[in-house]
Amino acid sequence: MSTHGYEGGRLDLPFVGISTFGKRPYVSDWSAIDADVAILGAPFDFGTQWRSGARFGPRGVREASTLFSFGHAGAYDHEDDATYLPGDVRIVDIGDADIVHTDTEKSHANIESGVRAILKAGALPVTIGGDHSVNIPCVNAFKGHGDIHILQIDAHLDFVDERHGVRYGHGNPMRRAAEKPYVTGLTQLGIRNVSSTAKEGYEDARARGSDILSVRQVRALGPKATSERLPEGARVYITIDIDAFCPSIAPGTGTPSHGGFLYYDVLEILQQVAQRHEVVGIDLVEVAPDYDPTGSTSILAAQVLLNLLGFIFHFSSKT
């Protein structure tokens, strides 16, 4: 029989205690990380072009994640006949990178330091934003850690080079990533409707090796065929913008775009990718809780992250 942690003398319900991610242990000393996964908050939203508020994303997603903190023996999925995130998967929360108001360069440097500390400890970095510009320091931190392929799930291409001198806003991260010699390519899923990138940006992205698919194209292919478009053997970094989802289920974001993915659209792609590839890093960005008084957007973000982590460690244990 599995142990659910209910025998320890406290029930410790989700609404009790401190809201670390999944109510996992908090590690304040970044030189003493000893875990399989480390969660880093990046509450930075100075890169937004319209509605701000993603600075409260890490706090909102952590609070929502406590919904899934019952017991310690993992989550049994009867469809897959698998228990995900059993107790031997060690997850810690290392708090937030220090954000210096109005100082993008310093704030990004602090986020990069956090991701580097996680990589140095041999843990999987999971960064919760913040706007999508936080992906820039996350990817910067992988310098010296081998080649990576980026899987982006997003409504917008985010491939702007420079606009009015801005090179490090939330419309620039995939362009900055494509410039890295250790980023071998990008697979960009969910891109649709009125985009933040002009036609020339799409042409530039494709010329640099990007594979760009809309929501409808992904659905036509199906999750398995979509995942098979990623290069075989690639080490994958996954970046998820919550606006990839339809605002009917994820209204709490700064730039909502109708016609987005639904939950299982994304979940099944992530499951396929985790089965076929080594996932080396994750960020989830653009949750702005104040635009969703129901809390559903934050809950969706937490659930996607926990399921993705479950897939990663379930399939890695089989190899």
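Arg 116 is partly exposed, with a relative accessible area of 31%, where buried means under 20% relative accessible area, exposed over 50% and partly exposed in between, using a 1.4 Å probe and protein chains only. Arg 116 forms a salt bridge with Glu 112, the closest N and O atoms being 3.0 Å apart; a salt bridge here is a side-chain nitrogen of Lys or Arg within 4 Å of a carboxyl oxygen of Asp or Glu. Both residues belong to helix H2 (residues 104-120), where they sit 4 residues apart, about one turn of the helix. Helices (H or I, at least four residues) and strands (E, at least two) are DSSP runs numbered from the N terminus.

This is a predicted model, in which local features need pLDDT of at least 70 and side-chain atom pairs count only at pLDDT 80 or more, while totals for chains, interfaces and linings use all residues. Residues are numbered from 1 along each chain as its sequence is written, and side-chain values use heavy atoms, with hydrogens and water left out.

## Further salt bridges

Side chains of opposite charge can pair when their charged atoms come close. The structure holds 19 salt bridges, and one of them joins Asp 161 to Arg 167, with the closest N and O atoms 3.2 Å apart. Asp 161 is partly exposed at a relative accessible area of 28%, and Arg 167 is likewise partly exposed, at 27%. Asp 161 and Arg 167 also belong to a network of salt bridges that links them with Glu 162, Arg 175, Arg 176, Glu 179, Asp 204 and Arg 208.

The side chains of Arg 229 and Asp 211 meet in another salt bridge, at 2.7 Å from N to O. Arg 229 lies in the loop between helix H7 (223-227) and E9, and Asp 211 in strand E8 (residues 211-213), so the pair ties together parts that are 18 residues apart in sequence. Arg 229 is partly exposed, with a relative accessible area of 39%, whereas Asp 211, at 18% relative accessibility, counts as buried.

## Strand E9

Tyr 237 is found in strand E9 (residues 235-241) and, at 1% relative accessibility, counts as buried. Not counting residues up to four places away in sequence, Tyr 237 touches residues including Asn 135, Cys 138, Phe 142, Ile 150, Leu 151, Val 280 and Asp 283, contact meaning heavy atoms within 4.5 Å. The side chain of Tyr 237 also makes a polar contact with the side chain of Asp 283, at 2.6 Å; a polar contact is a pair of N or O atoms within 3.5 Å, and within protein one must be able to donate a hydrogen and the other to accept it, with residues adjacent in sequence counting only if both atoms are side-chain atoms. Tyr 237 and Ile 249 are 12 residues apart in sequence and 25 Å apart in space, taken from C-alpha to C-alpha.

Thr 239 is also placed in strand E9 and is buried, with a relative accessible area of 0%. Leaving aside neighbours within four places in sequence, Thr 239 is in contact with His 132, Asn 135, Ile 150, Leu 151, Gln 152, Ile 153, Met 174 and Asp 283.

## Backbone exceptions

Most residues other than glycine have a negative phi, and most peptide bonds are trans. The peptide bond from Gly 129 to Gly 130 is cis, with omega near 20 degrees, and Gly 130 is found in the loop between strand E5 (124-129) and helix H3 (135-140).

Leu 85, although not a glycine, has a positive phi of about 50 degrees; this residue is in the loop between strand E3 (82-84) and strand E4 (91-96) and is buried, with a relative accessible area of 9%. Thr 102 has a phi near 70 degrees, again a positive value in a residue other than glycine. Thr 102 is found in the loop between E4 and H2 and counts as exposed at 71% relative accessibility.

## Helix H9 and the whole chain

At 1.5 Å a residue, the 21 residues of helix H9 (residues 296-316) should span 30 Å, and its end C-alpha atoms are 30 Å apart, which agrees; the expected span is 1.5 Å times one less than the number of residues. Of these 21 residues, 17 are buried, so H9 is largely enclosed by the rest of the structure.

There are 9 helices and 10 strands in the chain. The radius of gyration of the chain is 18 Å, close to the 20 Å that the globule rule gives for 319 residues, so the chain is as compact as a globular protein of that length; the radius is taken over C-alpha atoms, and the rule is 2.2 Å times the number of residues to the power 0.38. Of the 319 residues, 55% count as buried.
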